Amino acid sequence: MRVTILGCGEAFDERLPNTCALVETSRAKLLFDCGFSAPPAIWETVRDPAAIDAVYLSHGHADHYFGMPALLGRMWEDGRTKPLTVFGQPYVLDSLRHALELGYRGLPARYEFPVEYCAVAPGHSIDFAGATLSFAESTHAVPNLAARLDADGKAFCYSGDGMFTDAGRDLFAGAHLVIHEAYTFERIPVHADIQALVELAEAQRINHLAFVHVQRNLRRNPARIQQVVRASNGGLSMPEPGETLVA
């Protein structure tokens, strides 16, 4: 699997696009999250309006799904006719339908491509285009589901936001690549802390753990994170927008 980091920023970072990743398997392209500042980075990288087969929305915060009205609107304007699948928790899908109508009133009824809304839940698995998606809760301010994509003999995981739970530990076990929010070194209730992620990577035998959604001031002064990354001998990274990783 090929994974392009389209954005790696936290909610209120003025420099970096919201965290967003494009995952390419042998049979499909899946977008993981689409926050309000993500669409320009998506359009710059994905020129074909029919290229993205599915979108996974981890939770109902603006920096993870408010970019969808613009994304779908441009797909329509650029002539997409191919169906699009959107995965998310029921409350996220309901919020998305409302946001699409608020963003561009009446436009969703004019889409020339079907949008299939597919509800997901913790502990459940869904097959899509020769791959399997599985989900586990994290601890966040609103319900968030981390996702695991098994395809082509590889396992890719995406955290969304929040501290991993025991179910999340199990979900990430043995993954080739995990993209995980790494907000701070402090232990706070609604985000993952970096030291705990380092320990997770070792305990769960994660081949490569990429830090995203780092708190903006910490990201601007990254010496402490860079020290952790260097000590991992390639097992940890803090990617930049446009960087490609291989699972």
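Modeller: We may begin with burial: a residue is buried under 20% relative accessible area, exposed over 50%, and partly exposed in between, with a 1.4 Å probe and protein chains only. Helices (H or I, at least four residues) and strands (E, at least two) are DSSP runs, numbered from the N terminus. The model is predicted: local features need pLDDT of at least 70 and side-chain atom pairs count only at pLDDT 80 or more, whereas totals for chains, interfaces and linings use all residues. Residues are numbered from 1 along each chain as its sequence is written, and side-chain values use heavy atoms, with hydrogens and water left out.

Colleague: Which way do the side chains of strand 13 point, and are they buried or exposed?

Modeller: Strand 13 covers residues 209-212; Leu 209 and Phe 211 point one way, Ala 210 and Val 212 point the other way, and all are buried. In a regular strand the side chains alternate between the two faces of the sheet.

Colleague: What makes strand 12 and strand 13 a pair?

Modeller: Two strands pair if DSSP finds at least two bridges between them. Strand 12 (residues 177-181) and strand 13 have 4 bridges, in the parallel sense, and Val 178 stands opposite Leu 209. The chain passes from strand 12 through helix 6 (residues 194-203) to strand 13, in a right-handed β-α-β crossover. Right-handed means that, with the strands pointing away from the viewer, the path from the first strand over the helix to the second runs clockwise. Strand 13 also runs parallel to strand 14 (residues 236-237), with 2 bridges; there Ala 210 has Ser 237 as its bridge partner.

Colleague: Why are strand 6 and strand 15 called edge strands?

Modeller: The open sheet has 7 strands in the order 6-5-4-3-2-1-15, with mixed pairing. Strand 6 (115-119) and strand 15 (244-246) are its edge strands, as each pairs on one side only. The twist averages 20° from one strand to the next; axes are lines fitted to C-alpha atoms, for helices over the stretch in contact, and angles run from 0 to 180 degrees between N-to-C directions.

Colleague: What does helix 3 touch when it packs on the sheet?

Modeller: Contact means heavy atoms within 4.5 Å. Helix 3 (residues 68-77) touches strand 3, strand 4 (54-56), strand 5 (84-88) and strand 6, and its direction makes about 170° with that of strand 5. Helix 4 (residues 90-103) packs on the sheet as well, touching strand 5 and strand 6, at about 150° to the direction of strand 6. Among the buried residues of helix 3 are Met 68, Leu 71 and Leu 72.

Colleague: How do you know that Cys 8 is in no disulfide?

Modeller: A disulfide is a pair of cysteine sulfur atoms within 2.5 Å. A search of the whole structure finds 0 disulfides. For Cys 8, the nearest cysteine sulfur is that of Cys 20, 11 Å away. The closest cysteine sulfur to that of Cys 118 is in Cys 34, at 18 Å, which is too far for a bond. Cys 8 has 1% relative accessibility and therefore counts as buried; Cys 118, at 19%, also counts as buried.

Colleague: Why is the pair of Phe 32 and Tyr 158 called tilted?

Modeller: Rings of Phe, Tyr and Trp (its six-membered ring) pair if their centres lie within 6.5 Å; planes under 30 degrees apart count as stacked, over 60 as edge-to-face and the rest as tilted. The structure holds 7 aromatic pairs. The ring centres of Phe 32 and Tyr 158 are 5.6 Å apart and their planes lie at 50°, so this pair is tilted. Phe 32 is in strand 3 and Tyr 158 in strand 10 (residues 154-158), so the pair ties together parts 126 residues apart in sequence. Phe 32 is buried at 1% relative accessibility, and Tyr 158 is buried at 2%.

Colleague: What makes the pair of Tyr 65 and Phe 66 edge-to-face?

Modeller: The angle between their planes is 75°, with 5.0 Å centre to centre. Tyr 65 is buried at 7% relative accessibility, whereas Phe 66, at 46%, counts as partly exposed.
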